[in-house]
Amino acid sequence: MAQQFEYETRLTQPRDDVFAWHQRPGALTRLTPPFGGGPDKVTEAPTDGIEPGSRVKLGVSVPGTFGTVHVPWTARHGDWDPPHYFTDRMERGPLGEWEHRHNFEESPEGGTVVRDQVTVRTLPQSLENASGPSDKLMRGQLERIFAYRERQLRGDLDFHDEHRGPRLRIAVGGASGLIGSQVCALLETGGHEVLRLKRGASSGPGVIGWDPAKGRLNPHDLAGIDVVLHLGGSSIATRFTDKNKDDILRSRVESTQLLVRAIGQVPADQRPRALVVGSAVGYHGTDRGDEILTEQQPPGDGFLAHVCDEWEKAAHGAEAYGVRVVNVRTGLVLTPSGGLLRPQLPLMTAGLSGPLGGGKQWQSWIGIDDMAGAVAHLVLSEDASGPYHVAAPNPVRQKDFARIVAGVLHRPAIVPTPLAGPRALLGKEATEELIAASHRVDVSKLLSAGYRFRHENLRDCAEHILGRVD
């Protein structure tokens, strides 16, 4: 028997604007929840937007007997009538037949009513029980997914209303990464053109080929680009061996130097106006205790502080060519999809989390959506320049971080975790810089630049990204 579900979202924006948002690249990435129980990853972008016949591939996390199982989900778009509705149907996935109709109606009070209508004819095994399919479980999960989608859509549309201006051409390094993929999607849904810098690729539609290790980047490919955004670099979540440290440093500094050289070779009237490059709050070193850290302070001690300092210096070479330079000093980015939170969630869910390494260290966290929003804001703000702390305004001690996030999962956080475990995995140096470091950063400069946070406190952020909003 078919199960039917409907969800209503009311927005202040005109129907044409809301429908146009859904047509743009990046919309599905922005709407896909990271917390599982349904499609939680776009593995292959739509072949032709939301037009009839367009196909998209996603990954679905399904709870199984021996843990979460990741299965593919392929959907094909069907009938549409812009700006009134479009449809899609699952062709392959855990639900035997799934049809989704997206309706867009003009509200009598102004704005738009979006009605999502879902018809499911079979349920995944995880939603079966002894008495048969559980309509209540299905509806509860769909409610979580579409409530998340509503918050995302509302937040993104508000962001674009605040950033109305000319459509830009933006070249992005690190576009496939945890942060880069969300930044690109947010910019694309705002109507900006994003060209992804891809290693080893040939330049073509939407792609700029480059090879930082070999110093290969054609300056011609940056002509006509408005902003270059570079967030790439080798992972720091590793043992700090001499080889790994060399890779971490060189991957950031040399790629940035290559971009600066290429920008300098572009004719002045076609040259990018801005270069926005990653960095991290690790610029301040490791053992800063309760000190409130500002962008004006000199770099701290330690390997990551040295990396950030050299990375920022490399970026500022572009100022010689009249280019605006921004350094994004990233805090601890929160999402179930990766970063700090992902490895902690199994213990938190089991009620086995608690203070880590004593729990007194300060953690300057930021949700993935504010991370993407703040970076996009700095890209689009012509007055922004220099280093910016990109973290939420309310840092917390690690013991409070564990308690608050576990509390959102309705679990205790009372099991202390010594640093012996991380040291065995990462080694002493990496543990001290990645796990035990204390950073209490001030974000007044970002707020003064006009960025408005979606989630200023940790509980609100955790409820959103985990889909646990009451």
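## Helix 5 against helix 6

In this predicted model, the axes of helix 5 (residues 242-264) and helix 6 (residues 303-315) come within 8 Å and cross at roughly 10 degrees, where axes are lines fitted to C-alpha atoms, for helices over the stretch in contact, and angles run from 0 to 180 degrees between N-to-C directions. Helix 5 and helix 6 are therefore roughly parallel to each other, since angles under 35 degrees count as roughly parallel, over 145 as roughly antiparallel, 65 to 115 as roughly perpendicular and the rest as oblique. Helices (H or I, at least four residues) and strands (E, at least two) are DSSP runs, numbered from the N terminus.

On the side of helix 5, the contact (heavy atoms within 4.5 Å) is made by K245, I248, L249, R252, V253, T256, Q257 and V260, and helix 6 contributes F303, H306, V307, E310, W311, A314 and A315. These residues divide into nine nonpolar, three polar and three charged, with Ala, Val, Leu, Ile, Met, Phe, Trp, Tyr, Cys and Pro counted as nonpolar, Asp, Glu, Lys and Arg as charged, and the others, Gly among them, as polar.

## Basis of the values

Residues are numbered from 1 along each chain as its sequence is written, and side-chain values use heavy atoms, with hydrogens and water left out. Because the model is predicted, local features need pLDDT of at least 70 and side-chain atom pairs count only at pLDDT 80 or more, whereas totals for chains, interfaces and linings use all residues.

## Strand 13 and its partners

Strand 13 (residues 227-230) runs parallel to strand 10 (169-173), to which four bridges join strand 13, and G173 stands opposite H230. Strand 13 also pairs in the parallel sense with strand 14 (residues 274-280), again over four bridges, and there V228 has L275 as its bridge partner; two strands pair if DSSP finds at least two bridges between them. From strand 13, V227 and L229 point one way and V228 and H230 the other way, all of them buried, a term that means under 20% relative accessible area, with exposed over 50% and partly exposed in between (1.4 Å probe, protein chains only).

L168 is found in the loop between helix 3 (135-162) and strand 10, and L168 is buried at a relative accessible area of 9%. Leaving aside residues up to four places away in sequence, L168 touches H192, E193, D226, V227, R273 and L380. Helix 8 (residues 368-380) has 13 residues and reaches 18 Å from its first C-alpha to its last, close to the 18 Å expected at 1.5 Å a residue, the expected span being 1.5 Å times one less than the number of residues; 13 of its 13 residues are buried.

H160, in helix 3, is buried as well, with a relative accessible area of 14%, and H160 touches W21, L186, T189 and G190, again not counting residues up to four places away in sequence.

## Backbone exceptions

Most residues other than glycine have a negative phi, and most peptide bonds are trans. A cis peptide bond joins P82 and P83, with omega about -5 degrees, and P83 lies in the loop between strand 4 (67-81) and strand 5 (85-92). H410 has a positive phi of about 60 degrees although it is not a glycine; H410 is placed in the loop between helix 9 (398-408) and helix 10 (420-426) and counts as exposed at 60% relative accessibility.
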